Amino acid sequence: DEMWRAALDASASVVTITSYNEWGEGTQVEAARPHVTAAGAAYADYAPDPGGAYLDRTREWILRGRRERGCTAEERVEL
């Protein structure tokens, strides 16, 4: 949230989200659910947040950015 707020406060014309869904590093943004592989590698979810927490937050910030800029739903905004 801090980085999104900073981007909007700076009137950034473009915001990029860089992630390679590195589960081992905890940088994934895709929906998550706990899983243990046959080899014993464990993948966590976003508990206590729901599995789609990062996608939901990204959507919320994009919509907030549109509102703050006075954009209509039809306008394309690079956020």
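Predicted model: local features only at pLDDT ≥ 70, side-chain atom pairs only at ≥ 80, totals over all residues.
Biologist: What makes W4 and W61 a stacked aromatic pair?

Modeller: Their ring centres are 6.4 Å apart, and the cut-off for a pair is within 6.5 Å. The planes are 5° apart.

Biologist: Why is W61 called buried?

Modeller: Its relative accessible area is 3%. Buried means under 20%, so W61 qualifies. W4, with 13%, is therefore buried by that cut-off too.

Biologist: Why is the pair of Y46 and Y54 called edge-to-face?

Modeller: The planes of Y46 and Y54 are 80° apart. Over 60 counts as edge-to-face, so that label applies. The centres are 4.6 Å apart.

Biologist: Is Y54 buried or exposed, or in between?

Modeller: Y54 has a relative accessible area of 41%. That lies between 20% and 50%, so Y54 is partly exposed. Y46, at 9%, is buried.

Biologist: What sits over the ring of W61?

Modeller: The charged end of R64, 4.0 Å from the ring centre. The distance limit is within 6 Å.

Biologist: Which helix do the buried residues of α2 pack against?

Modeller: They pack against α1. Among these buried residues are W61 and R66.

Note on methods. Residues numbered from 1 in each chain as written. Heavy atoms only, no water. Phe/Tyr/Trp six-rings, centres within 6.5 Å; stacked < 30°, edge-to-face > 60°. Buried < 20%, exposed > 50% of the residue type's maximum accessible area, 1.4 Å probe, protein only. Lys NZ or Arg CZ within 6 Å of the ring centre and 35° of its normal. Helix = DSSP H or I, 4+ residues; strand = E, 2+ residues; numbered from the N terminus. Contact = heavy atoms within 4.5 Å.
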